[in-house]
Amino acid sequence: MRTALFPGSFDPFTLGHMDILRTALKLFDKVIVAVGYNSAKSGFFTPDVRVQIIKDAVAGMENVEVCSYQGLTVDFCKEKGAGCIIRGLRTTTDFEMESVISQANRKMAPEILSVFIPAGHEYSFISSTVVRDVLSNGGSARCFLPKNVDIDHYLQAREAGS
Ligand code: ADP
């Protein structure tokens with residue numbers, strides 16, 4: 001069974017991420033979407049909420065697991081039995097950053113391959129940063145997010161908690 005890890009901050013998971021996930025599912029038997037976080041850095045949504053949003057987004061899809069992790073991505077791949085790391089590429093800047101990260105990962109764990117998937121042209125302008133900006137300013141980010149995600153619910157919970 002070929003398993004890949006699709007790691008990211010996913011703060012929050014967007015239609016762009018969904019497009020990469022759908023492509024990855026054509027290449028692998030199972031894809032683990034993994035929210036990587038650092039306890040010293042707080043995000044817009046908590047890691048648990050980010051996981052829940054992804055679970056809503058992928059509801060009904062087969063061969064997808066959603067979880068979170070801390071620490072090195074290559075170590076988490078080994079823990080999960082994933083032989084590949086999936087990353088999406090939007091721009092040449094993404095490519096430059098991702099190639100540096102993939103070379104470091106390859107040095108640490110040569111058996112784990114990085115697989116880059118180009119962004120679909122209709123999604124390539126979408127970023128979690130833009131979504132967070134829109135949400136922070138009271139705008140509707142629905143057009144950037146998977147349709148199963150009720151982002152207002154998570155926003156209200158976030159505001160109630162802060
Ligand atoms: P990170 O902080 O690890 O870069 P992100 O959540 O921003 O986490 O992105 C996770 C992965 O998804 C990265 O490989 C990123 O390049 C990719 N990605 C983000 N947005 C898009 C998009 N609109 N289309 C394709 N890939 C994307």
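Threonine 73 is found in helix H3, which covers residues 73-80; helices (H or I, at least four residues) and strands (E, at least two) are DSSP runs, numbered from the N terminus. The model is predicted, so local features need pLDDT of at least 70 and side-chain atom pairs count only at pLDDT 80 or more, while totals for chains, interfaces and linings use all residues. Residues are numbered from 1 along each chain as its sequence is written, and side-chain values use heavy atoms, with hydrogens and water left out.

**Threonine 73**

- Threonine 73 is buried, with a relative accessible area of 18%; buried means under 20% relative accessible area, exposed over 50%, and partly exposed in between (1.4 Å probe, protein chains only).
- Leaving aside residues up to four places away in sequence, threonine 73 touches Leu5, Pro7 and Ile85, where contact means heavy atoms within 4.5 Å.

**Helix H6**

- Helix H6 spans residues 151-161, and its residues Ile151, Tyr154 and Leu155 are buried.
- Seen down the axis of H6, the buried residues fall within an arc of 100°, so they line one face of the helix; the arc is that of the directions from the helix axis to the C-beta atoms.
- Gln156 and Ala160 are exposed residues on the face of H6 turned away from its buried side.
- The buried residues of H6 pack against two helices, H2 (47-57) and H5 (128-136).

**Strands S2 and S3**

- Strand S2 (residues 30-36) pairs with strand S3 (residues 64-69) in the parallel sense, over six bridges; two strands pair if DSSP finds at least two bridges between them.
- Within this pairing, alanine 34 stands opposite cysteine 67 in S3.
- A right-handed β-α-β unit is made by S2, H2 and S3; right-handed means that, with the strands pointing away from the viewer, the path from the first strand over the helix to the second runs clockwise.

**The whole chain**

- The protein chain has six helices and five strands, and along the sequence they follow the pattern β-α-β-α-β-α-β-α-β-α-α.
- The radius of gyration of the protein chain is 15 Å, which agrees with the value near 15 Å that a compact globule of 162 residues would have; the radius is taken over C-alpha atoms, and the globule rule is 2.2 Å times the number of residues to the power 0.38.
- Of the 162 residues of the protein chain, 43% count as buried.
- Among contacts between residues at least 6 apart in sequence, 75% join residues at least 24 apart.
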